[in-house]
Amino acid sequence: MGFKIEAFQNRYLAPGSNRVDAIVSVTSDPNLKAARELVVGFIVDKSGSMANGRIEAVHGAVSKAITMLADGTWFFVVAFDGNAYVIVRETQATAESKRWAAGAIHQIQAAGGTAMSTGLRAARSVFERAPNAIRQAIFLTDGKNEGEKPPAVLEELKRCEGVFECDCWGVGTDWQVGEVQNIAQALLGKAALIPSPEGVEAAFRGSIEKASGKALKDVRFRLWTPVGASIAFVKQVNPTIEELTAKAREISPQVREYLTGSWGGGETREFHVTIDVKPGKVGDEMLAARPSVAYFESAAGPDGGGWVEKEDKAAEARIFATWTGDDTLSSRLDHAVAHYTGQDELAEAIQKGLELREQGQEAQATQLLGRAVKIAHASNNVEMTQRLAKVVDVVDAGSGTVRLKKDVKKAATMDLQLESRTTKRVAKRPAGTS
Amino acid sequence: MSAICREGHISDEPDYCSVCGAPITATPGGPGPSAARSLTPSGTPIPIPRSAVVHSSAVCPSCGETREDPDGRFCEVCRFDFVENRPGPPPVARGVAVAAPPPNPRAAPGPTVVLPVAMGAPSTATPVAAPVAPTSVATLTPAPAAAALPASWELVITVDAALDTEPDADSPCPVDRAEIVLPVDRPDMLVGRHDETRAIHPEVSLHDPGASRRHAKFVLDPDGGISLQDLASTNGTQVNGQDVPPGTKRRLRQGDGVTLGRWTRITVRGRA
């Protein structure tokens, strides 16, 4: 069994209601062994703005990251400005190849514009040659994507989806959160901020360690729904909020699946699923959805073995609808559903609040950020409360009373914007509430 | 593994219908190997005729049912697809009866045809529908194997109000319905409720809410005898008051009374 799947919901609906909400928690087996083949691609911005210390920091960080790769791991380095350049073509890590690669990396000179799609395209063409490996890219930029029109990146991202996964790092504060976040979201990675060039190395280490632990590939969250029901939305709500509804792939008229990328052992993700079913009468009971997880497992074999497709289901993961005339049953909100609905609202309030503050609409921004502080406080989301406190002065967290700060560091705003989609895991639920 | 939900869908899942999500309450749990064996009176091995000995490849891997037509693609009972090696497709509206009841997960390989426990007097019995009390079974001796068989068979279908032990005001037992006599003129005759949408057209069509759409069938045996096969019906079938385990076949004799549904009695009669 690769996955443990559990659903949390209030299955009781009032007569005539048809909306079923549930949180599905998916945890991979902690004893899974990492896959045999890993390809790590570095996509590095070498535009003119990377001069003055930044490109040198990247030289050091990428070389250092390569030394962290286990022997036998494949890696390559692509640099881009307005065009893309393969600096190190795909190479299997050995002491010698790492030394050789470090030399090549130090030759990268900062010059030219920024056209991110060229770097993605070059990386994709390399990754496509390794269809059976875990494919992880690390994308590094410090600037706005000024060398091309935005659709160019979006079109290239469409082609990259499902080919490789990508973590994105922004160096400094001159880059656009939205642009980099788009890449990370499309390619199932995270986007984060490295405030100073010295922080690059630590940032890469996390990405490499995560990629090295991946054991399962192309993990798909699958939903069966009965005839007549429809999926209102599907969202990953933990560890980060990712809207999945539009990414559905139809397997059969009743089964849809959502790509979640590759997973390591012992990883947990949670999904908020909302299904509209045909309304029932009091006493009716039906299965509203059957979540499962489909994935490729690396098969043991003399020559690597390849990948075997599997699907895990669990009785605990079934999502039900039961109609009852008892309001005390049907009006209860499930603990997990309530928690993640709150975390979603928190993310929304932060994004909207920061946007409005940027536009100078201080009253509304204060109100929204105050609401965010209140939710973060109530859900015990300490990390988010601390991040918010860098942007607003908290007068009373419990009631959400805040004042906008006058001098806010740009990095703090960017950090808050990037991390707003990271959620706090639901606390252990009180007994007997699922 | 398939089951049928209360809406009549064939479900790939045993718990909730894989079509509509309705709970599957009466999973037709067929008897296990031990129950199948109990058809044989304790300690009395019953000789199995050569024709009934079935090679394992001629048995449905899903429900254990004997394959009557080795070239047929689908299992007669559970609609398992022998070509694709998977449970059968949902029913489609066509001129042939295709929908089927769920499988009977009998694990016991080998012969599925069990000789009937001989009951009643030898074949001179008059065609009367009186069931033989089950208590008398043990004391009776098996019938001679070469009992004279009639030239052909007929089925007498009657409404027996005495069978309707749980009367329902909404669908009262139709006491005034005339007796129907059908000749057994086909190698097998389906017994059940007619259903246009599922394209189920039984040869023996019953107006009985307690009967399944594909409830049972009468099968002419190669030696000229007649057998009844339950098709894993929801409410079961009895022969002379004894339950026929879901999905199993039972040889019939002249005068045997088959009861099913809420009030249906079918008496088997020989025609000279």
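A crossing is left-handed if the near helix is turned anticlockwise from the far one by less than a right angle, and right-handed if clockwise. The model is predicted, with local features needing pLDDT of at least 70 and side-chain atom pairs pLDDT 80 or more, while totals for chains, interfaces and linings use all residues. Residues are numbered from 1 along each chain as its sequence is written, chains are lettered from A and ligands numbered from 1 in the order in which they are written, and side-chain values use heavy atoms, without hydrogens and water.

**View 1. Helix 9 of chain A (residues 362–378) and its surroundings.** Helices are DSSP runs of H or I with at least four residues, strands are runs of E with at least two, and both are numbered from the N terminus. The 17 residues of helix 9 of chain A should span 24 Å at 1.5 Å a residue, and the end C-alpha atoms are 24 Å apart, which agrees; the expected span is 1.5 Å times one less than the number of residues. Buried residues (under 20% relative accessible area, 1.4 Å probe, protein chains only; exposed is over 50%, partly exposed in between) include Leu369(A), Val373(A) and Ala376(A). Their cover includes helix 8 (335–358), helix 10 (382–389), strand 19 (392–396) and strand 20 (401–404) of chain A. Just after the helix, Asn380(A) has a positive phi of about 60°.

**View 2. Helix 8 against helix 9 of chain A.** The two axes (lines fitted to C-alpha atoms over the stretch in contact, with angles from 0 to 180 degrees between N-to-C directions) come within 8 Å and cross at roughly 155°. Helix 8 of chain A is therefore roughly antiparallel to helix 9 of chain A, a term for angles over 145 degrees. The crossing is left-handed. Contact (heavy atoms within 4.5 Å) involves, among others, Leu346(A) and Ile350(A) of helix 8 and Leu368(A) and Ile375(A) of helix 9. The contact residues divide into 11 nonpolar, 3 polar and 4 charged. Ala, Val, Leu, Ile, Met, Phe, Trp, Tyr, Cys and Pro count as nonpolar, Asp, Glu, Lys and Arg as charged, and the others, Gly among them, as polar.

**View 3. Helix 9 against helix 10 of chain A.** The axes are 8 Å apart at an angle of about 150°, so the helices are roughly antiparallel. Their crossing is left-handed. Leu369(A), Ala372(A), Val373(A), Ala376(A) and His377(A) of helix 9 meet Met384(A), Thr385(A) and Leu388(A) of helix 10. These residues comprise 6 nonpolar, 2 polar and no charged.

Conventions:
Angles under 35 degrees count as roughly parallel, over 145 as roughly antiparallel, 65 to 115 as roughly perpendicular and the rest as oblique.
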